[in-house]
Amino acid sequence: MSGAEYESEGAPGDGCGRYADDGIPADSPSVVQKRAGRNVTAEILSVTAYPVLLLSVFSVSVAALSLGWNPEWVSPIFLGGTILYLALLERLIPYAREWHPRREEWRWYGVYFLLTMAGSGVAQWLVALVVGWIAPPEPGHRLWVEIPGALLVGSLVSYLVHRLSHGNPVLWRLHGVHHVPDKVNVANNGVNHVLDIVLAQGLVQLSLAFMGFSRPALLVVGLFVAAQGYFVHANIDVGLGRLNHVLASPEQHRLHHSTDLSEAGHYGSDLSCWDHFFGSFTWRPGRAPEAVGLDTPSAFPGTGEILAGLLHPWRGRPAPDSGPN
């Protein structure tokens, strides 16, 4: 498949660094305008939502390490709590009410979530099969050194895989499934091709295993990355201000899903440093996407066509008018 064919399939592309550094277009949606009519409770929730999430990561990490909790049940329970917390915030401080899932979408998203969890399990199994569980049980260095190191390495590998998935036509046919929905919310964060999850998570875990990071460090980093992954995809009206230059946020990730390829950068879902380093940081204060999804929706099956979406990478490119509107 040629590069031209790839672009015609609606890939968000690699439009890095094409967003002006000065000012916001007058006709672009403004987050400031959206927040003008919020009440005091909404303002408090908007300010405290992310600190509470980070505090939960810290608290669970400390408790798990000090009490010797089993990571095999700590991680899924924490993930479930994170999803429930963010889903509640979506109702209390939504960014866009029209992005709430419809009843039938909940069913589709539920199936995709189970497939994503299965893909994550397969990735862990494959890593164990290739290298064994080689991460040492106890940290070889102090945890305050290991944890940032594991986060930076894992974030870098995740960034590179994600960016390559947008730039390579073969990988895009897997990853593009995630960009089909025309809304961004917690529920459809799990809309992924199962092989995309196996590839991305497998490479991250393989890299961390070969680097020899200890299990306690991997547990802490895993909790943070899980929380970040769902936080950036949440349909919540939360702004991090200048902290966006350090940590990824919903403000950035909405732009990543934009149909305007010139602003669809931001390949990091946890840290922003790699987007800065590789020139894909496109966030601007108050900038909001006009629309999210694929710039050519007919290039992929609709989210409700789950089997067709899973088989899409092995099928020919559909005719321009043969796909969903």
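The questions and answers below concern a predicted model.

Colleague: What is the average pLDDT of the protein?

Modeller: This is a predicted model, so I start with the confidence. Of the residues, 82% score at least 70. The average pLDDT is 85.

Colleague: Are H4 and H9 roughly parallel or roughly antiparallel?

Modeller: Helix H4 covers residues 71-92 and helix H9 residues 215-232. Their axes lie 10 Å apart, at an angle of about 25 degrees. Angles under 35 degrees count as roughly parallel. That makes H4 and H9 roughly parallel.

Colleague: How many residues of the contact of H4 with H9 are charged?

Modeller: H4 contributes residues including Phe-78, Leu-79 and Ile-83, and H9 residues including Leu-223 and Tyr-230. Twelve residues of this contact are nonpolar and two are polar. The number of charged residues is none.

Colleague: Is the H3 and H4 pair roughly parallel or roughly antiparallel?

Modeller: Helix H3 spans residues 40-67. The axes of H3 and H4 are 12 Å apart, and the angle is about 170 degrees. An angle over 145 degrees counts as roughly antiparallel. H3 and H4 are therefore roughly antiparallel.

Colleague: How many nonpolar residues does the contact of H3 with H4 have?

Modeller: On the H3 side, Val-52, Leu-53 and Val-60 are among the residues in contact. On the H4 side, Val-74, Phe-78 and Leu-89 are among them. The contact has three polar and no charged residues. The nonpolar count is twelve.

Colleague: Is His-100 buried or exposed?

Modeller: His-100 sits in the loop between H4 and helix H5. Beyond four places in sequence, the contacts of His-100 include Glu-90, Glu-105 and Asn-235. The relative accessibility of His-100 is 13%. Under 20% means buried, so His-100 counts as buried.

Colleague: What is the phi of His-266?

Modeller: His-266 lies in the loop between helix H10 and helix H11. With a relative accessible area of 1%, His-266 is buried. Most residues other than glycine have a negative phi. His-266 is not a glycine, yet has a positive phi of about 60 degrees.

Key. Residues numbered from 1 in each chain as written. Predicted model: local features only at pLDDT ≥ 70, side-chain atom pairs only at ≥ 80, totals over all residues. Heavy atoms only, no water. Axes fitted to C-alpha atoms, helices over the stretch in contact; angles between N-to-C directions. Helix = DSSP H or I, 4+ residues; strand = E, 2+ residues; numbered from the N terminus. Parallel < 35°, antiparallel > 145°, perpendicular 65-115°, else oblique. Contact = heavy atoms within 4.5 Å. Nonpolar A, V, L, I, M, F, W, Y, C, P; charged D, E, K, R; others polar. pLDDT = per-residue confidence, 0-100. Buried < 20%, exposed > 50% of the residue type's maximum accessible area, 1.4 Å probe, protein only.
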